[in-house]
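Reader: Please pick one part of this model and take me through it closely. After that, show me what lies around it and how the rest of the chain is arranged.

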Amino acid sequence: MRILGIETSCDETGVALYDTEQGLLGHVLHSQVPMHAEYGGVVPELASRDHVRKVLPLTRKLLADTGATLDSIDGVAYTAGPGLVGALLVGAAVGRSLAFALGVPAVAINHMEGHLLAPMLESDPPEFPFVALLVSGGHTQLVQVEGVGRYEMLGQSLDDAAGEAFDKTAKLIGLGYPGGPALARAAERGDVSRFRFPRPMTDRPGLDFSFSGLKTFALNTIHQHPNAGADVAAAFQLAVVETLAIKCRRALQQTGLTRLVVAGGVSANVHLRERLDRLAEEQGGRVYYPRPELCTDNGAMIAYAGALRLQAGQHEPLSFTARPRWPMDELAPV
Ligand code: ATP
Ligand code: MG
Ligand code: FE
């Protein structure tokens with residue numbers, strides 16, 4: 001079974017082909033980052049319009065790159081939420097229509113389920129059950145995963161997501177947008193011991209997170225030490241990484257599980273990976289990540305999730321909807 005996946009939930013247009021026998025045949029991506037950089041953040045209307053411009057040319061490029069034909073496609077998966085409503089509607093409209101035109105089923109995919117399943121595209125995928133840490137631009141979640149669509153939320157951020165905290169802190173240090181990777185680079189030049197940032201919500205039980213205080217802490221520190229950008233970056237990154245590691249350890253202990261899956265844009269962070277690998281080693285477990293290019297948004301994870309759901313017989317009616325908010329624990333099990 002060969003599935004076309006379409007991702008347009010935010011500021012990247014991603015299209016991919018996944019084949020249940022042959023694996024990932026190809027994926028192409030167009031990032032809108034340079035377009036939004038001028039405004040210091042994603043402008044929703046510009047995002048939607050750019051998805052309209054890019055989604056079909058990218059699909060043609062994907063078919064040309066992979067040598068696949070339109071009529072070899074057995075189903076279409078599109079991201080239906082969570083995300084920006086206008087951006088989601090573009091992928092949903094194109095995906096649903098294309099499936100109708102080809103006479104194949106369409107399936108609506110939850111973007112966070114896409115992130116969560118992305119490590120399954122690697123050569124040594126995790127087996128169920130596992131704990132998943134989803135760390136992206138809009139979400140920080142710890143999830144107990146028993147199978148596809150069987151997700152129990154263990155904890156989540158009460159305010160800013162981890163990626164959002166990286167982006168906002170980077171902005172106030174003057175590193176531009178999007179800040180996550182830039183802040184990680186700046187941190188390499190910094191003295192990590194000069195400032196000590198708090199590890200929010202680690203002094204009490206529970207698996208929820210709060211990252212907005214770190215941003216304020218960074219703001220106050222940089223006001224007092226205007227030239228300390230790299231040192232602030234290093235201390236901030238360490239605080240986020242340590243906080244995530246403490247909660248992951250708790251989640252593994254609480255559930256008795258040993259496998260940890262980490263996905264979403266922040267899972268590309270090298271320090272986070274090193275720290276969590278060490279944690280898993282101490283606990284006699286293992287961590288699974290997507291390859292770096294599949295940590296951030298992409299069509300491959302949507303095509304893969306779509307393949308699993310279509311194989312299980314799930315599909316949409318001829319109508320389509322976008323769900324800007326769509327909690328993962330509302331998904332149907334496979
Ligand atoms: P969501 O998936 O919650 O809807 P999103 O799709 O915008 O949000 P992703 O594309 O998964 O988020 O990830 C983007 C985020 O990852 C940004 O906040 C970015 O700064 C962050 N990020 C990317 N690379 C790194 C890195 N190396 N270190 C820290 N953060 C990073
Ligand atoms: Mg993005
Ligand atoms: Fe994402």
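Author: The sheet and its surroundings

Strand β1 (residues 2-7) runs antiparallel to strand β2 (residues 12-19), and six bridges join the two. Strands pair here if DSSP finds at least two bridges between them. The elements themselves are DSSP runs, numbered from the N terminus: helices are H or I of at least four residues, strands are E of at least two.

The model is predicted, so local features need pLDDT of at least 70 and side-chain atom pairs pLDDT 80 or more, while totals for chains, interfaces and linings use all residues. Residues are numbered from 1 along each chain as its sequence is written, chains are lettered from A and ligands numbered from 1 in the order in which they are written, and side-chain values use heavy atoms, without hydrogens and water.

The pair belongs to an open sheet of five strands with mixed pairing, in the order β3-β2-β1-β4-β5. At the edges are β3 (23-31) and β5 (106-110), each of which pairs on one side only. From one strand to the next, the twist averages 20 degrees.

Two helices are to be described against this sheet. Helix α2 (residues 44-66) packs on it and touches β1, β2 and β3. The direction of α2 makes about 30 degrees with that of β2; axes are lines fitted to C-alpha atoms, for helices over the stretch in contact, and angles run from 0 to 180 degrees between N-to-C directions. Helix α10 (residues 300-311) lies across β1, β2, β3, β4 (75-81) and β5, at about 130 degrees to β1.

Pro-82 sits in the loop between β4 and α3 (85-102), and the peptide bond from Gly-81 to Pro-82 is cis, with omega near -10 degrees. Most peptide bonds are trans.

Now the chain as a whole. An automatic or database assignment sets the domain bounds: domain 1 is 2-117 + 294-330, and domain 2 is 129-289. Their C-alpha centres lie 27 Å apart. Across the boundary, 19 residues of domain 1 are in contact (heavy atoms within 4.5 Å) with 22 residues of domain 2.

Two helix pairs remain. Helix α8 (residues 229-255) and helix α9 (residues 270-283) pack at about 30 degrees, with axes 10 Å apart. They are therefore roughly parallel to each other; the cut-offs are under 35 degrees for roughly parallel, over 145 for roughly antiparallel, 65 to 115 for roughly perpendicular, and oblique for the rest. Among the residues making the contact are Val-241, Leu-244 and Cys-248 of α8 and Leu-272, Arg-275 and Leu-279 of α9. By class, eight residues of this contact are nonpolar, four polar and three charged. Nonpolar covers Ala, Val, Leu, Ile, Met, Phe, Trp, Tyr, Cys and Pro; charged covers Asp, Glu, Lys and Arg; the others, Gly among them, are polar.

Helix α5 (residues 162-173) and α6 pack at about 65 degrees, with axes 8 Å apart. In that contact Phe-166, Asp-167, Thr-169, Ala-170 and Ile-173 of α5 meet Gly-179, Gly-180 and Leu-183 of α6. Four of the residues are nonpolar, three polar and one charged.
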